[in-house]
Amino acid sequence: MPLRPFDKPILVTRPFLPSLDEFMEGIKEIWDNRWLTNNGPIVQRFSRELSNYYETENVCLFNNGTLALQIGLQGMGITGEVITTPFTFVATSHALYWNKIRPVFVDIEPDHYTLDPAAVEAAITPWTSAILAVHVYGFPCNLNALADIARRHKLALIYDAAHAFGVSVGGRPISHFGDMSMFSFHATKLFHSIEGGMLTFRDSGLKETFDYLKNFGFKNEVEVVMPGTNAKMNEMQALMGMLVLKQLDHLIGSSRRIDAAYRECLKDVPGIRFPPPLPAGVDYNFIFQPIEVDEEQFGMSRDALYERLKEWNVHTRRYFYPLICDYACYRSIPVNGSLAVARRVADRILTLPIYDSLELSDVEGICDIVISLQQQATTRGPSARPAMIDKAAPVV
Ligand SMILES: Cc1ncc(COP(=O)(O)O)c(C=O)c1O
């Protein structure tokens with residue numbers, strides 16, 4: 001059957017929405033309460049549910065993940081230099097910058113793109129106060145090696161777990177590891193609250209500080225104990241989060257099936273590499289579908305494939321290209337080593353569409369297009385282009 005472009009844009013992700021009836025029931029409660037923000041009853045309920053889910057009392061909710069991380073770093077008193085990855089969303093470094101902390105970018109591991117512990121250790125200086133590692137794509141970092149380095153050098157170990165909601169290792173939620181973890185509940189995430197964020201942390205003494213910092217530093221009506229900001233989650237966000245949380249198993253299950261379908265359909269395509277299976281004991285959330293494109297074997301560069309797929313109404317993303325250290329605002333910061341792995345991965349990575357409502361037949365369609373583009377590229381046959389698509393598709 002000849003290939004056809006998708007009628008509607010297939011975006012890299014699409015937020016899950018609970019049933020409108022269920023949402024409206026919650027809205028009714030908000031209307032009855034007339035309590036919209038400032039630690040309302042639904043935020044409190046959501047916080048308790050997340051406490052249960054993460055098996056810790058040390059949970060603090062925020063209006064987004066970026067502010068959660070900024071406040072977390074400030075509340076923990078992190079200063080000087082922090083060793084981190086250039087292969088992540090730019091908010092990871094911005095949170096350091098807003099605390100006047102210098103990011104020290106080091107290389108990543110080639111299989112699952114998380115910080116390379118040897119590179120971390122080599123970058124420690126007398127000014128280093130913490131490691132800020134990212135469970136990028138929800139792939140757990142090398143938890144033992146990083147914990148060992150942090151312990152030996154007396155560094156705080158902080159995880160940007162923005163992508164890792166629902167991931168566990170050895171039966172323990174990912175929040176169990178390190179001194180603090182930040183989760184993003186942004187609408188583009190598998191689990192979301194429209195916008196939202198959460199810190200989980202080891203030291204229960206931090207809870208009060210985080211609560212002050214996200215609410216202008218108010219202790220009570222007349223006392224402001226620190227110059228805080230406004231980073232509170234509101235009732236609508238918490239309502240959405242509670243309803244999405246109920247569907248977490250469904251969301252992960254759907255994405256797991258999609259991941260399996262992509263891997264099966266593309267397994268023999270030259271020049272396409274999937275990250276290898278995660279170590280035993282990791283329960284993964286399938287939040288992203290990254291592949292690496294080897295230009296020589298595939299016959300086409302990653303960028304060319306990214307552009308050609310758009311012609312078929314398939315809108316992939318090059319997460320995370322460029323590296324953070326190559327953005328204009330970070331370019332002047334010296335980096336440690338060549339970042340050879342991070343550079344190679346950033347030049348090859350492509351994230352394919354994955355979300356619960358993506359049909360398996362659509363996954364097959366996307367794979368057929370990829371296969372056909374690869375065959376044309378390597379046989380130098382006539383370059384088939386799809387019939388025109390009506391208009392440019394929105395991009396997530
Ligand atoms: C790795 C990473 N860190 C931090 C953030 C920031 O989270 P938020 O969008 O909730 O502010 C994101 C968001 O997408 C992210 O992907």
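A polar contact here is a pair of N or O atoms within 3.5 Å; within protein, one must be able to donate a hydrogen and the other to accept it, and residues adjacent in sequence count only if both atoms are side-chain atoms. The views below come from a predicted model, in which local features need pLDDT of at least 70, side-chain atom pairs count only at pLDDT 80 or more, and totals for chains, interfaces and linings use all residues. Residues are numbered from 1 along each chain as its sequence is written, and side-chain values use heavy atoms, with hydrogens and water left out.

View 1. Start with Ser-184, where a polar side-chain atom sits 2.7 Å from a ligand oxygen. For Lys-189, a polar side-chain atom is 2.5 Å from an oxygen of the ligand. Thr-66 likewise has a side-chain N or O atom 2.5 Å from a ligand oxygen. On its own the ligand exposes 390 Å², and the protein buries 92% of that (accessible areas by the Shrake-Rupley method with a 1.4 Å probe; for residues, only the protein chains shown count as cover).

**View 2. The shell around the ligand.** Fifteen residues, written 15 in the count, surround the ligand (a heavy atom within 4 Å). The closest are Thr-66, Asp-160, His-163, Ser-184 and Lys-189. By class, the shell holds 4 nonpolar, 9 polar and 2 charged residues (Ala, Val, Leu, Ile, Met, Phe, Trp, Tyr, Cys and Pro are nonpolar; Asp, Glu, Lys and Arg charged; the others, Gly among them, polar).

**View 3. Ser-47 in its helix.** Look for Ser-47 in helix H2, residues 41-54 (helices are DSSP runs of H or I, at least four residues; strands are runs of E, at least two; both are numbered from the N terminus). Ser-47 counts as buried because its relative accessibility is 19% (buried is under 20%, exposed over 50%, partly exposed in between; 1.4 Å probe, protein chains only). Leaving aside neighbours within four places in sequence, Ser-47 contacts Val-59 and Leu-61 (heavy atoms within 4.5 Å).

**View 4. The sheet E11-E13-E15.** These 3 strands form an open antiparallel sheet in that order (two strands pair if DSSP finds at least two bridges between them). Strands E11 (272-273) and E15 (349-351) are the edges, each pairing on one side only. Strand E13 (residues 290-293) is joined to E15 by 3 bridges, and Pro-290 stands opposite Thr-351 in E15.

**View 5. The sheet E8-E7-E12.** Here, too, 3 strands make an open antiparallel sheet. Strands E8 (172-173) and E12 (282-283) each have a single partner strand, so one side of each lacks a neighbour in the sheet. Between E7 (residues 168-169) and E8 there are 2 bridges; Val-169 has Arg-172 in E8 as its bridge partner.
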